[in-house]
Structures are given as structure tokens and as C-alpha cells.
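The sequence and structure are shown first.

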Amino acid sequence: MLYAVLSDVHSNLEALKAVLDDVGQRKIKNVLFIGDSVGYGPDPNECLELLSGKCKTILAGNHDWGVIGQTDITYFNEYARAVIEWTRGVLTEENKETLQSFPVQKEITKGNIFLVHSTPREPEEWHYLLTLWDAEINFHYFDGTFCFLGHTHQPFIIERLPSGELLTYKKSVRIGKSARYIINAGSVGQPRDGDPRACYAIIDDDHIEIVRVPYDFETVQNKMRTANLPFPLIDRLPWGR
Ligand code: ZN
């Protein structure tokens, strides 16, 4: 078993390319994408097409559903909403149809892995899994050993020991024999944990790791300015906020 798990690309082509290069250098063939291909950034078509070509599995996130009208646009804050409307204008019809086809959750049986964008408990409600208590509840809503999710743009690994004790890791963990895991893969295109580098997760037979990859955010900022996207979204990229 060897997978790369990517989340929250948000139309950031430079970050996505940097991550896929890193994945390629590690010779990882199985790439899983767990939602929010679009929103916030300037290259929705390019990102969707690249993800469709490279990923074995692609899930929908709340921004993807916002663009196709599946999640009400009033759910979003003003900046997110503005870019969702902009994205509707630039996305090709074919790519809109592609967005319609993504599920919100999926089980990868062979690897004993459950994938979801928000939470296993209510995938379509777009809740945020933020606390250990949220994690404890959600451990009861998926089968198998591993659950990967995204949505908060803040990576973590939570381990649940057979005793019920929960442990948190920031960078990596060796997989324990009878333990179960919820892993937030962070965000490729808009990290919010104070580290501006693109983020994704790797899992193999004996460990789980959060990986950071530098990318050219200045190019992305320039494209965002040209597209007239909201200033706060441009400003946050170098800070990872
Ligand atoms: Zn997101």
C-alpha cells in the first residue's frame, strides 16, 4: 500500500504541480484527491483537468458543490462566494459536468481507507473536524482503519489506541497494530496552519506522513490580481493563513 492523499487544491495550479512533482519523485502511483478542486484560486479548468488525469479517486468538496449549485451559495463568506461566481463564469461546460460526477465519500477497500472531504458523520453538511471530541465522535462513523479528510486546511494525524486514548501527531506516525487513524491531509492550494508551503499526506504499510512542498505563490498572486479576485485571498498565501 502506497498512496498520496491530496485535498483542497482550490484552483492553485502552481501548488498542485509542485505537489505532483514531489509525488512523482517518490514514485507514488496512487494519488487520491479528497475535494475542493476549485474556489479561491485563478486556474479552475487547469487544476480540474490535471487532477482528472492523475488521480485514481476524486471527491467533491463544498466549493465544488457551490460552483455547480449543489450547496447554496449563501453558505459561503463574501470572498469565497465571489470566487465561486467567478469560477462559474470561466469553467467550461465539460468541466462543470465533471464536477457533477464526483462523490462526497469513498471507501478504498484494498487499503482499508475511507475518504471524505469534511466528516464521515455527515459528509454533505460540511462540518469541520476541529477537536479531539469531534474526532472521537467521527471514529464511530467509518469502518476500517484509516479516514482521510480535509476541509479545514490544517493538517494533523489523530491516532485512536485500542484503549480509546487519542494521540495527535503533526508530521508523521508509525502505524500501530490495532490503532485507527483520522488524518487531515491539509491543503495543497491554500494552507492555513501558518506554513505557506503546499501540503499533502502519504501513507504506506508502516507509516503516515504529512509532507510540505514549496511552490511559487507569487505567480499565483499575479494571476489572481489579473483576474480581479478578492485582495484578502491574494494576501493570505505567503502567510499560510
Ligand atoms: Zn477548502
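The model is predicted, so local features need pLDDT of at least 70 and side-chain atom pairs count only at pLDDT 80 or more, while totals for chains, interfaces and linings use all residues. Residues are numbered from 1 along each chain as its sequence is written, and side-chain values use heavy atoms, with hydrogens and water left out.

Glu-46, Glu-49, Glu-94 and Glu-97 form a negative surface patch. Patch members have over 30% relative accessible area and no salt bridge, and like charges are joined within 9 Å; a salt bridge is a side-chain nitrogen of Lys or Arg within 4 Å of a carboxyl oxygen of Asp or Glu. At least two residues of the patch come from each of α2 (44-54) and α5 (93-100); helices are DSSP runs (H or I) of at least four residues, and strands (E) of at least two. Glu-49 belongs to helix α2 and is partly exposed because its relative accessibility is 47%.

Most residues other than glycine have a negative phi.

| Residue | Phi | Loop between |
|---|---|---|
| Asn-228 | about 65° | α7 (217-226) and α8 (231-235) |

Trp-126 counts as buried because its relative accessibility is 4%, whereas Asn-228, at 69%, counts as exposed. Buried means under 20% relative accessible area, exposed over 50% and partly exposed in between, with a 1.4 Å probe and protein chains only.

Methods. Patches are made of residues with over 30% relative accessible area and no salt bridge: like charges are joined within 9 Å, nonpolar side chains (Val, Leu, Ile, Met, Phe, Trp, Tyr) within 5 Å. Accessible areas come from the Shrake-Rupley method with a 1.4 Å probe; for residues, only the protein chains shown count as cover. Lys and Arg count as positive and Asp and Glu as negative; His and the chain ends are not counted. The place of a charge is taken as NZ of Lys, CZ of Arg, CG of Asp or CD of Glu.
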